[in-house]
Amino acid sequence: MVESGRLNPALTMICVMAAFNAAVTRTPVSTTLLLTKLTNISPLTPVLFASLIGFFLAPKVPLITAQLKTNQEAKSRVTTVS
């Protein structure tokens, strides 16, 4: 990730994408595998680390309504957000 004293911008951007996607979808391993395959990069460890950080720092309430456990939770979330 660090090349001669500076960050690799492409790898940094991919790590940020991984952290954000893992935080929203709550799927750090799938995010890591998907991004490394789509971008064809070889360093898997920084992307996995960024995905796990995004996953653990995300709020415990899912950002996607379909991930809520019951319809009652979905209805209460929609009314509180509106």
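**Entry 1: A10 and the basis of the model**

I began with A10, which lies in helix α1. I note that this is a predicted model, in which local features need pLDDT of at least 70 and side-chain atom pairs count only at pLDDT 80 or more, while totals for chains, interfaces and linings use all residues. Residues are numbered from 1 along each chain as its sequence is written, and side-chain values use heavy atoms, with hydrogens and water left out.

I looked up the exposure of A10 and found a relative accessibility of 43%, so A10 counts as partly exposed. The class covers what falls between buried (under 20% relative accessible area) and exposed (over 50%), with a 1.4 Å probe and protein chains only. I then checked A10 against T39: the two are 29 residues apart in sequence, and their C-alpha atoms are 9.6 Å apart in space.

**Entry 2: The chain as a whole**

I listed the elements next and found four helices and two strands in the protein chain. Their order from the N terminus is β-β-α-α-α-α. Helices (H or I, at least four residues) and strands (E, at least two) are DSSP runs, numbered from the N terminus.

I recorded a mean pLDDT of 82 for the protein chain, with 70% of its residues at 70 or more; pLDDT is the predictor's confidence in each residue, from 0 to 100. Where is confidence lowest in the protein chain, and where is it highest? Strand β1 (residues 2-3) has the lowest mean, 58, and α3 has the highest, 94. Of the 82 residues of the protein chain, 26% count as buried.

**Entry 3: The largest nonpolar core**

I asked which residues make up the largest nonpolar core. The eight are L11, I14, C15, A18, A19, L35, V47 and A50. The elements that give two or more residues to this core are α1 (9-25) and α3, and α1 gives the most, with five. A nonpolar core is a set of buried Ala, Val, Leu, Ile, Met, Phe, Trp, Tyr and Cys residues joined through side-chain atoms within 4.5 Å. In soluble globular proteins, nonpolar side chains tend to be buried together.

I also looked up P46, which is placed in helix α3. P46 has 22% relative accessibility and therefore counts as partly exposed. Between P46 and C15 there are 6.8 Å in space, C-alpha to C-alpha, although they are 31 residues apart in sequence.

Helices α2 (28-39) and α3 (44-57) are the elements that give two or more residues to the patch. The largest share, four residues, comes from α3, whereas V29 is found in α2.

Is F56 buried or exposed? F56 has 55% relative accessibility, so F56 counts as exposed. F56 is found in helix α3. I found F56 and P28 to be 9.4 Å apart in space, C-alpha to C-alpha, and 28 residues apart in sequence.

The structure holds one aromatic pair. F55 and F56 form this edge-to-face pair, 5.1 Å centre to centre and with 70 degrees between the planes. Rings of Phe, Tyr and Trp (its six-membered ring) pair if their centres lie within 6.5 Å; planes under 30 degrees apart count as stacked, over 60 as edge-to-face and the rest as tilted.

**Entry 4: Two positive phi angles**

Most residues other than glycine have a negative phi. R26 is not a glycine, yet has a positive phi of about 65 degrees. R26 is placed in the loop between α1 and α2, and is partly exposed because its relative accessible area is 23%. N40, also not a glycine, has a positive phi of about 60 degrees. N40 lies in the loop between α2 and α3, and counts as exposed because its relative accessibility is 69%.
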